[in-house]
Amino acid sequence: MKKGSKVKLKANNVRNIREAKLMSKSELAKAADLSIPTIDRVEKGYPCRMETMRKIIKALGLTLDERDRVFLK
């Protein structure tokens, strides 16, 4: 990423769903086999790879059909 370039943040419900399930970022990161900073970036709305989204959805105990509930269009 170029210095000074703006990243378009995208709203999602990862944090809301994680907290509703009483999961810490650490627990979600471990369940999704991702790092805590990755979970933090995703919760803030930074873009992530499709594989990362898939891992988070499954770690939250949801199905891929429920992806729009987690990652808003």
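The secondary structure of this protein amounts to five helices and zero strands, where helices are DSSP runs of H or I with at least four residues, strands are E runs of at least two, and the numbering starts at the N terminus. Along the sequence, the pattern therefore reads α-α-α-α-α. This is a predicted model, in which local features need pLDDT of at least 70 and side-chain atom pairs count only at pLDDT 80 or more, while totals for chains, interfaces and linings use all residues. Residues are numbered from 1 along each chain as its sequence is written, and side-chain values use heavy atoms, with hydrogens and water left out.

Let me turn to the overall dimensions. Along the principal axes, the C-alpha atoms fill a box of roughly 35 × 25 × 20 Å.

Of the 73 residues, 30% count as buried; buried means under 20% relative accessible area, exposed over 50%, and partly exposed in between, with a 1.4 Å probe and protein chains only. The accessible surface comes to about 5500 Å², and carbon and sulfur atoms account for 53% of that surface. Accessible areas come from the Shrake-Rupley method with a 1.4 Å probe, and for residues only the protein chains shown count as cover. Among contacts (heavy atoms within 4.5 Å) between residues at least 6 apart in sequence, 54% join residues at least 24 apart.

Next, the largest pocket. What is its volume? The figure is about 380 Å³. Grid points are joined across faces, edges and corners, and the volume is the space filled by probe spheres set on the points.

The lining of this pocket consists of 18 residues, and Met50, Met53, Ile57, Arg67 and Phe71 lie nearest the centre. Helix H4 (50-59) and helix H5 (67-70) are the elements that give two or more residues to the lining, and H4 supplies the largest share, four residues. By class, the lining has 11 nonpolar, two polar and five charged residues. Here Ala, Val, Leu, Ile, Met, Phe, Trp, Tyr, Cys and Pro count as nonpolar, Asp, Glu, Lys and Arg as charged, and the others, Gly among them, as polar.

Within helix H4 lies Ile57, which is buried at a relative accessible area of 2%. Beyond residues up to four places away in sequence, Ile57 touches Leu62, Thr63, Leu64, Arg67, Val70 and Phe71. The C-alpha atoms of Ile57 and Phe71 are separated by 9.0 Å, with the two residues 14 apart along the chain. Thr52 also has its place in helix H4 and is buried, at 11% relative accessible area.

Finally, two loop residues. Leu22, in the loop between helix H1 (14-20) and helix H2 (25-32), has a positive phi of about 55° although it is not a glycine. Asp33, in the loop between H2 and helix H3 (36-44), has a positive phi of about 60° and is not a glycine either.

Key
On a 1 Å grid over the protein atoms alone, a cavity is a set of points where a 1.4 Å probe fits but cannot get out, and a pocket is an open set with protein on both sides within 12 Å along at least five of seven lines; lining residues have an atom within 4 Å of a point.
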